There are 2 protein chains.
Amino acid sequence: MDEVDELLSIRAAELYYEENKTQDEIGQALRLTRWKVGRLLAQAKQRGFIRIEILHPRARRLPIERRLRDERGLADAIVVSSAGVTTAEELQARTAQAAADYLTALRPVPRTLGVSWGRTLFDLSQHLRNGWATGVNVVQINGGVSLNRRPGTAAATAVGIAQKGGGSATLLPSPAILERLATKQAIESDRVVAGVIDLARSADAYLFSAGAADHTSVHVESGYLAASEVDLLVEKGAVGDVVGRYIDSDGNIVDPALDARTVGLTLDELRAAPLSIAVISGPAKHPVADAVVRSRLCTVLVTDEATALHLLDG
Amino acid sequence: MDEVDELLSIRAAELYYEENKTQDEIGQALRLTRWKVGRLLAQAKQRGFIRIEILHPRARRLPIERRLRDERGLADAIVVSSAGVTTAEELQARTAQAAADYLTALRPVPRTLGVSWGRTLFDLSQHLRNGWATGVNVVQINGGVSLNRRPGTAAATAVGIAQKGGGSATLLPSPAILERLATKQAIESDRVVAGVIDLARSADAYLFSAGAADHTSVHVESGYLAASEVDLLVEKGAVGDVVGRYIDSDGNIVDPALDARTVGLTLDELRAAPLSIAVISGPAKHPVADAVVRSRLCTVLVTDEATALHLLDG
DNA sequence: GGTATTCGTGCTCATATGAGCAACGAGATG
DNA sequence: CATCTCGTTGCTCATATGAGCACGAATACC
């Protein structure tokens, strides 16, 4: 295709897409046959001169979703468009909304749903519609009594998802991380706690997010970890946490001693699940998202466009 | 249109524009008739959810061009797309290229073309192709011996346009602005200078740009005006200059005494021309562009998308 | 210099899409 | 409660578009 044709294809595209002319009319205007016009338009598209965007908070990027499924072996992928997004909150809200939509449309409806907690999942619980399901029981899969500010978001997340789904929530009455291994073992051997964890193991599906390994982490905010401890984990290769457990870029536990003091489902139990939905968005979480997908911690990923492209490029 | 339909129209748009499905296939996927799908897509478009952009340095914005013609009474308007533009130079280059294209396609070809000078027109002269016309004579319409750096761009502009158009250039051998009125009158009564100005008055078409009233002005750069003098003009309401003459937002001369010392075509002579092409781009020139169009200094405007929208909004 | 090959062109035909219309149903109105 | 009105739906038909094909010109190759 020579330069003249390139210019003509642009002129044709202007008349076609901006002026809504038919290819025949364009042909008359540019002194071309309508077949030539059709070919010019096809070339303009094929060469990437035409960009079509869907501007809507609920818009998804289906081609990227397919690439994620095909190239990264996911059972399903939901990628929200970031076109027109200005703030990080907006991106988070879009992703949470998409995850809520996915849950709502999920068939068969899980009878028991294991959930983690955190900002993203709380947001998700807020975006769910009342009656999104009829009779879904929710069980927490990792410890989560918030120590500092915003107490109860962990509980509110599980309870919210359950109530709106016409079911009830089973909370895991334990801190996320304990200071001493003996305490953790004692708690896990408690009848109630052990019962909840057993129930969590039997869930039909899991829903969780991931945290970045930095000072904004909910673990720091909630007081389970000091900022300096996170720095140490990063030095050991941590890229973020999943259900409270810090992993490196290969999805391996970074600090086994710390992990042993963490209450809840293990990562291998999560990996064994037939349906585990990860909801991860934002540039800060690109490394964790990568680790989660590579190490097959989830079968379904809900994320944003930029994160998805990061996963595909790397 | 209720919320459900809005969501459906987005789903339909995804399948239509990103997955290249037919409306019939989309109907099957979403359990709708193909007519419903067509209507949903039409609504998505009409509500502005679908954005189609043409990404190319030569792309123009025809709907904006039409609005400029219709709403601002221009004989013609060329608006280059600023999609994907990152630097000011790029925008300038696109606009200059579009003006060069316009000149090349102009029919009837002007026998004599009056030109101004400046960065924009120099850029334009560089973008013209050899042989863009056969036998166009170019005449300078305002004084333009550069005093400081980049000497000769004024001459190079006129000569370049003429040579590439198979004609010759007639230069106006005079400074743009003289220090004393008497000197200006003396120069204008010189046989050669008077002849050039007469020729300029008889040109078939004029091509000029406009300068912003700030310290980046070519007049400051060329040494005709001190930065402080420009500040003074701004205080008196100047928004920029056209062929060396400073105007306010209504297109009136800001400083008649200064204007009397400026050599070249007057603004009223320019306004009387049947074809005068202004090439103006960049955010800094929004106010001058407005003044030029409002006061009918040009019949044809070549500009960028943002400037055009500024003219239409205000 | 003749022949083969490739590419672009204009066509036919099948398909996708949009305009316009009649029938239907939900809600308003007497 | 009957009727009216308006908006929605599924349709028919006209039009716009894309796929595939045969031809001819330009280029490569023997």
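Predicted model: local features only at pLDDT ≥ 70, side-chain atom pairs only at ≥ 80, totals over all residues.

User: What kind of crossing does α14(A) make as it passes α15(A), left-handed or right-handed?
Analyst: Hi! In it, the crossing of α14(A) past α15(A) is right-handed.

User: Thanks. At what angle do helix α14 and helix α15 of chain A pack, and how far apart are their axes?
Analyst: The angle is about 55°, and the axes lie 10 Å apart. Here α14 covers residues 286-294 and α15 covers residues 305-313 of chain A. Because of that angle, α14(A) counts as oblique to α15(A).

User: Which residues meet there?
Analyst: From α14(A) you have His286(A), Ala289(A), Asp290(A) and Val293(A), and from α15(A) there are Ala306(A), Thr307(A), His310(A) and Leu311(A). Sorted by class, this contact has four nonpolar, three polar and one charged residues.

User: Let's hop to chain B. How do α1(B) and α2(B) pack?
Analyst: Helix α1 (residues 3-18) and helix α2 (residues 23-30) of chain B pack at about 130°, with 10 Å between their axes. That angle is why α1(B) is oblique to α2(B). The crossing of α1(B) past α2(B) is right-handed.

User: New topic: the interface. How many residues of chain B and chain A are in contact, and what area do the two chains bury?
Analyst: There are 28 residues of chain B in contact with 28 of chain A. Between them the chains bury about 2,900 Å², with 51% of that on carbon and sulfur atoms.

User: Which residues of chain B lose the most area to chain A?
Analyst: Those are Glu18(B), Arg51(B) and Ile54(B), which together account for 21% of what the chain B side buries.

User: And how many salt bridges are there between chain B and chain A?
Analyst: The count between the two chains is eight. Over all chains, the structure holds 40 salt bridges.

User: Can you walk me through a couple of them?
Analyst: Arg66(B) and Glu19(A) form a salt bridge through their side chains, at 2.6 Å from N to O. This pair crosses between chains: Arg66(B) sits in helix α4 (residues 62-72) of chain B, and Glu19(A) is in the loop between α1 (3-18) and α2 (23-30) of chain A. Another salt bridge joins the side chains of Arg129(B) and Glu3(A), with an N to O distance of 3.8 Å.

Key
Residues numbered from 1 in each chain as written. Chains lettered and ligands numbered in written order. Heavy atoms only, no water. Axes fitted to C-alpha atoms, helices over the stretch in contact; angles between N-to-C directions. Helix = DSSP H or I, 4+ residues; strand = E, 2+ residues; numbered from the N terminus. Parallel < 35°, antiparallel > 145°, perpendicular 65-115°, else oblique. Left-handed = near helix turned anticlockwise from the far one by under 90°. Contact = heavy atoms within 4.5 Å. Nonpolar A, V, L, I, M, F, W, Y, C, P; charged D, E, K, R; others polar. Buried area = accessible area lost by both parts, 1.4 Å probe. Salt bridge = Lys/Arg side-chain N within 4 Å of Asp/Glu carboxyl O.
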